[in-house]
Amino acid sequence: MIKKNKISEAELEIMKIVWEKQAPAASTEIVRTLKQRCGWEDTTIYTMLSKLVKKGALLRDKQPVSYYSAALSEQEYTLEQTEHLIDKFFSGDSRQLVSMLVENNKISREDIRTLRQFWEEETND
């Protein structure tokens, strides 16, 4: 499996399109969408598609038009990024991340209640 945190911000835009589609996406559709969203040139988009295939993030099915599908799910990528963030900024201690979020009002009391309920349900299973 690839080191998913090696996906650039620009490449992530491509991954989001494929994840949103939840089915193989035609290269022409990806190009059209990114030209509209980001104003990128065709060659830039095709270069990024090739890089994502080389990195193992996308699978390419060559037909008259290439179709791309995700080799990793959005959830897998998000988990990898979260673990990377916790390792990089909090020495692997997720409690420090939660503490920072609480101290800076990034988690509401309602969020905390929801998390408590989640943890109680998880420990009772």
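Modeller: Let us start with A25, which is placed in strand β1 (residues 25–26). Helices (H or I, at least four residues) and strands (E, at least two) are DSSP runs, numbered from the N terminus. The model is a predicted one, in which local features need pLDDT of at least 70 and side-chain atom pairs count only at pLDDT 80 or more, while totals for chains, interfaces and linings use all residues. Residues are numbered from 1 along each chain as its sequence is written, and side-chain values use heavy atoms, with hydrogens and water left out.

Biologist: Is A25 buried or exposed?

Modeller: Buried means under 20% relative accessible area, exposed over 50%, and partly exposed in between (1.4 Å probe, protein chains only). A25 has a relative accessible area of 0%, and is therefore buried.

Biologist: Which residues does A25 touch?

Modeller: A contact means heavy atoms within 4.5 Å. Leaving aside residues up to four places away in sequence, A25 touches V18, I30, S66, Y67 and Y68. By contrast, a separation of 33 Å lies between the C-alpha atoms of A25 and K88, which are 63 residues apart along the chain.

Biologist: Where does V18 lie, and what does V18 touch?

Modeller: V18 belongs to helix α1. Its relative accessible area is 3%, so V18 is buried. Not counting residues up to four places away in sequence, V18 is in contact with A23, A25, I30, L58, Y68, S69 and A70. The C-alpha atoms of V18 and E74 are separated by 9.6 Å, although these residues are 56 apart along the chain.

Biologist: How is the packing of two helices read? At what angle do α1 and α2 cross?

Modeller: Axes are lines fitted to C-alpha atoms, for helices over the stretch in contact, and angles run from 0 to 180 degrees between N-to-C directions. Helix α1 (residues 9–21) and helix α2 (residues 27–38) have axes that come within 10 Å and cross at roughly 120 degrees. That angle makes α1 oblique to α2, because angles under 35 degrees count as roughly parallel, over 145 as roughly antiparallel, 65 to 115 as roughly perpendicular and the rest as oblique.

Biologist: Which residues make that contact?

Modeller: From α1 come E13, I14, I17, V18, E20 and K21, and from α2 come E29, I30, T33, L34 and R37. By class, the contact has five nonpolar, one polar and five charged residues. Here Ala, Val, Leu, Ile, Met, Phe, Trp, Tyr, Cys and Pro count as nonpolar, Asp, Glu, Lys and Arg as charged, and the others, Gly among them, as polar.

Biologist: How does α1 cross α3?

Modeller: The axes of α1 and helix α3 (residues 42–55) come within 10 Å and cross at roughly 85 degrees, so α1 is roughly perpendicular to α3. In this contact, A10, E11, I14 and M15 of α1 meet I45, M48, L49, K51, L52 and K55 of α3. These residues divide into seven nonpolar, no polar and three charged.

Biologist: Finally, how is a pair of aromatic rings described?

Modeller: One gives the distance of the centres and the angle of the planes. Rings of Phe, Tyr and Trp (its six-membered ring) pair if their centres lie within 6.5 Å; planes under 30 degrees apart count as stacked, over 60 as edge-to-face and the rest as tilted. By this rule there is one aromatic pair. W19 and Y77 form this tilted pair, at 5.7 Å centre to centre and with 40 degrees between the planes. The pair links distant parts of the chain, since W19 is in helix α1 and Y77 in helix α4 (residues 74–90), 58 residues apart. Both W19 and Y77 are buried.
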